[in-house]
Every structure is written in structure tokens, then in C-alpha cells.
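Reader: Hi! I'm new to this one, could you walk me through it?

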Amino acid sequence: MDRPLGRSIRLDIREGIRFSSGCYNSAHSMTEPAARADDARILIEGASALGIRLSNYQVVQFKQYHQALLDWNKTAGLTSVTEWNHVEGRHFLDSLTALSAMSGLDLDGLQLLDVGSGGGFPGVPLAIAFPGLEMTLLD
């Protein structure tokens, strides 16, 4: 039986968070109850303090990404931090602080490479918050 030598994961944030690989698919609908934008106060206020205004759609994408992390964590052990209120601060907001290193740059169309992204930090949160970024994640 042929087995892939490495793991390939595709992430599409334009139409909701969707991770896929040869052996696993996880797609979470934008209308699922778990993907509502409520209870994201830490994320919304923290992003605002960083000068980032998140739309409801982006908050839903963060919630979908959180669910995808939980799904993948069962088999890949991506993170020990899994509770939503902890992920908001420790993973998502910490990732968004990378914005400070990009001050003064036009982020629309900017190409970034996240080397050693593991669970997708900081690349995925940056791609959600700034959809104009062309983000590549390499693990």
C-alpha cells in the first residue's frame, strides 16, 4: 500500500474554515450553532486593543478554526490549550501581535511565509484577520 511521505493540509478561509488532507476532512458550516460569533469578547476586545476590527464573519471563522483545531488535536496533538477562552488569548491574540512587526506595510497582497507553523500559529489567525494577506504555512 502506498502511503504519503509527509502530511499535506489545505486550508481555505475564504468560504469558511476547511482543513483537508488525504485521510481527514473537516468542514464546518458558517451556520452551525458552534460557529456563532457570541462569547468572543476576549478576542474582539483584544484585537481592538491591537487596532484590529474583526467583523462577525471573521469571529465566526476564528470559531471554526478553533473547532478544526479540536478535531485535529485528537490525532495530531497540536496544542494542550483547547478551551475557547484560553485559545482566544494564548493562540489567537498572541498570533495577531505579529502585526506590530508589520507596521507601515500595506498588508493587502503582502506575501508571508510562516515557517514552523505547527497548529497554524500565527499564520492562520493573521490570514483570518487580514484576508488580503497571501499566507503560506510551512511546518
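Reader: Great. What is the mean pLDDT of the protein chain?

Author: This is a predicted model, and the mean pLDDT of the protein chain is 80, with 73% of its residues at 70 or more. Over residues 1-9 the pLDDT is below 50, and that stretch has 8 contacts beyond near neighbours in sequence. Residues 19-35 also have pLDDT under 50, and the model gives them 39 contacts beyond four places in sequence.

Reader: Good to know. On to the core: how many residues does the largest nonpolar core have?

Author: The largest nonpolar core has 27 residues. Those with the most contacts inside it are Ile52, Leu54, Phe62, Phe92, Leu96 and Phe130. As for elements, helix H1 (41-49), H2, H3 and H4 each give two or more residues to this core.

Reader: And what does leucine 96 touch?

Author: Setting aside residues up to four places away in sequence, leucine 96 touches Ala47, Leu50, Ile52, Phe62, Pro125, Leu126 and Ala129.

Reader: Phe62 again! How many aromatic pairs are there?

Author: The count comes to 5 aromatic pairs. In one of them, the ring centres of phenylalanine 62 and phenylalanine 92 are 4.9 Å apart and the planes are at 50°, so this pair is tilted. Phenylalanine 62 lies in helix H2 (residues 56-76) and phenylalanine 92 in helix H3 (residues 84-96), so the pair ties together parts 30 residues apart in sequence.

Reader: Is phenylalanine 62 buried or exposed? And what about phenylalanine 92, buried or exposed?

Author: Phenylalanine 62 counts as buried because its relative accessibility is 0%, under the 20% cut-off. Phenylalanine 92 is buried too, at 0% relative accessibility. Phenylalanine 92 also forms an edge-to-face pair with tryptophan 84, with 5.8 Å centre to centre and 65° between the planes.

Reader: So which residues do the ring pairs link into a cluster?

Author: Phe62, Tyr65, Trp84, Phe92 and Phe121 are linked into a cluster by ring pairs.

Reader: Nice. What sits over the ring of tryptophan 84?

Author: That would be the charged end of lysine 63, 4.3 Å from the centre of the ring. Tryptophan 84 itself counts as buried, with 11% relative accessibility.

Reader: Changing topic: where is histidine 91?

Author: Histidine 91 is in helix H3, and it counts as buried at 13% relative accessibility. Leaving aside neighbours within four places in sequence, histidine 91 is in contact with Thr79, Val81, His86 and Phe121.

Reader: Last one: where does glycine 116 lie?

Author: Glycine 116 lies in the loop between strand S4 (111-115) and helix H4 (123-129). Beyond its neighbours within four places in sequence, glycine 116 is in contact with Leu138 and Asp139. Glycine 116 and leucine 138 are 22 residues apart in sequence, yet 5.7 Å apart in space, C-alpha to C-alpha.

Reader: Thanks, that helps!

Note on methods: Residues numbered from 1 in each chain as written. Predicted model: local features only at pLDDT ≥ 70, side-chain atom pairs only at ≥ 80, totals over all residues. Heavy atoms only, no water. Phe/Tyr/Trp six-rings, centres within 6.5 Å; stacked < 30°, edge-to-face > 60°. Helix = DSSP H or I, 4+ residues; strand = E, 2+ residues; numbered from the N terminus. Buried < 20%, exposed > 50% of the residue type's maximum accessible area, 1.4 Å probe, protein only. Lys NZ or Arg CZ within 6 Å of the ring centre and 35° of its normal. Contact = heavy atoms within 4.5 Å. Core = buried A, V, L, I, M, F, W, Y, C linked by side-chain atoms within 4.5 Å. pLDDT = per-residue confidence, 0-100.
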